[in-house]
Amino acid sequence: VTVDHLEDVLRRYRPARPPEELRRRVLGGGPSRSRAWIYSIAAAAAAMTFYLLTDATYRRVLSATSPTVGGREAAVAAMTADLGGDDRARLEAERLIRTIESAAPIDARMPDVVAIEEAARE
Amino acid sequence: MTGLRRDGSRERLAALYDTWAASLFGYAALILVDRAAAADAVHQVFLKLTRAGFTIDERSPAMAAAYLRRAVRNECYSRLRAKKRSIVVAVDAHLLELVEGLDDRPAERLALEQALGELPVEQREVVHLKIWEGLTFQEIAALTGEPADTAASRYRYAIEKLRNILSAKA
């Protein structure tokens with residue numbers, strides 16, 4: 001094998017082409033293969049933080065808007081009496097109170113809806 | 001004056017990639033002797049460029065080529081330093097492809113890949129730049145930051161060593 005021959009042999013080849021996936025990674029701005037796990041961990045941490053924050057907020061809002069236990073019982077009892085006073089009336093009263101509890105306070109509703117309701121009352 | 005200019009558009013990034021990716025990937029693959037690591041290195045270089053909003057300036061492609069080659073070289077050598085290796089025994093297959101229109105000789109290709117893998121990284125790099133990039137020793141010296149004589153000597157040693165390895169295997 002002479003030097004010239006070896007150079008000729010080398011020139012019969014060229015370096016391998018990049019994989020198609022590399023183009024997608026570069027143009028898509030995706031994470032590098034070796035560091036992809038960092039983004040997965042970050043996404044999981046962000047999801048957990050979001051969950052904890054929304055859960056805490058939900059509990060705070062619920063406790064602020066829910067009637068006290070005694071007040072709730074009184075409301076259920078009053079509504080049960082209004083609906084007839086039997087077991088079926090009590091079940092219906094419970095259902096209605098739950099519906100009211102889960103509804104947003106009137107001030108938090110859409111401004112347009114509030115305005116329409118106020119106009120209707122007038 | 002790097003041959004690059006600020007322009008973050010996707011079209012320009014695609015043009016930059018299509019123009020240089022093959023050359024840069026081949027360069028990285030020959031330095032690292034590892035296709036997956038080479039893809040990571042090239043991706044990292046493009047990522048740094050795009051984060052900075054840079055793309056190629058068509059008015060100075062030679063300077064852009066020099067800039068990109070240097071960036072890939074730095075990235076590859078950083079990776080080699082991190083792994084504390086410059087000579088790789090187990091060579092990743094398919095570092096080379098046959099030029100279109102020539103008869104395939106898998107045994108020859110494999111022998112060349114293995115022989116290249118046995119060279120010191122600096123010699124492997126010079127062979128790549130001389131044979132496949134067509135650079136002069138002066139241009140190679142500008143890229144590696146060493147005298148042109150050193151580049152020429154490395155090339156000579158590399159070819160001689162390749163010749164010995166291939167002759168022994170023949």
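## What covers helix H4 of chain B

Contact here means that heavy atoms lie within 4.5 Å of each other. Keep that in mind as we look around this predicted model, starting with helix H4 of chain B, which covers residues 106–118.

Which residues of H4(B) are buried? They are Glu108(B), Arg109(B), Ala111(B), Leu112(B), Glu113(B), Ala115(B), Leu116(B) and Gly117(B).

Let's pick out Arg109(B), which sits in helix H4 of chain B. Is Arg109(B) buried or exposed? With a relative accessible area of 14%, Arg109(B) counts as buried, because the cut-off for that is under 20%. Leaving out residues up to four places away in sequence, Arg109(B) touches Tyr13(A), His94(B) and Leu96(B).

Now hop over to Arg12(A), in the loop between H1 and S1 of chain A. Arg12(A) is buried too, with a relative accessible area of 15%. Beyond residues up to four places away in sequence, Arg12(A) touches Glu97(B), Leu98(B), Val99(B), Leu102(B), Asp103(B), Arg105(B) and Glu108(B).

## Chain A as a whole

Chain A has six helices and one strand. Reading from the N terminus, these elements go α-β-α-α-α-α-α. Of the 122 residues in chain A, 20% are buried. The accessible surface of chain A is about 9000 Å², and carbon and sulfur atoms account for 62% of that. What about contacts between residues at least 6 apart in sequence? In chain A, 16% of these join residues at least 24 apart.

Helix H2 of chain A (residues 20–28) has Leu22(A), Arg25(A), Val26(A) and Leu27(A) as buried residues. These pack against two helices of chain B, namely H1 and helix H2 (35–51).

## A loop residue in chain A

Where is Leu83(A)? Look in the loop between helix H4 (69–82) and helix H5 (87–102) of chain A. Leu83(A) is partly exposed, at a relative accessible area of 41%. Setting aside neighbours within four places in sequence, Leu83(A) is in contact with Ala89(A), Glu92(A), Ala93(A) and Leu96(A). Take Ala93(A): ten residues separate it from Leu83(A) in sequence, and their C-alpha atoms are 7.6 Å apart.

## Two helices crossing in chain B

Back in chain B, helix H1 (residues 10–32) packs with helix H3 (residues 61–83) at an angle of about 35 degrees, and the axes are 10 Å apart. The crossing is right-handed. On the H1(B) side, the residues that meet H3(B) include Leu16(B), Trp20(B), Tyr27(B) and Ile31(B). Among their counterparts in H3(B) are Pro61(B), Leu68(B), Val72(B) and Tyr77(B). Sorted by type, the residues of this contact are 14 nonpolar, one polar and three charged.

H3(B) itself has 23 residues and reaches 33 Å from first C-alpha to last, close to the 33 Å expected at 1.5 Å a residue. Its buried residues include Leu68(B), Val72(B) and Tyr77(B), along with Arg69(B), Arg73(B), Glu75(B) and Arg79(B).

Key:
Residues numbered from 1 in each chain as written. Chains lettered and ligands numbered in written order. Predicted model: local features only at pLDDT ≥ 70, side-chain atom pairs only at ≥ 80, totals over all residues. Heavy atoms only, no water. Axes fitted to C-alpha atoms, helices over the stretch in contact; angles between N-to-C directions. Helix = DSSP H or I, 4+ residues; strand = E, 2+ residues; numbered from the N terminus. Left-handed = near helix turned anticlockwise from the far one by under 90°. Nonpolar A, V, L, I, M, F, W, Y, C, P; charged D, E, K, R; others polar. Expected span 1.5 Å × (residues − 1). Buried < 20%, exposed > 50% of the residue type's maximum accessible area, 1.4 Å probe, protein only. Areas by Shrake-Rupley, 256 points an atom, 1.4 Å probe, with all protein chains shown as cover.
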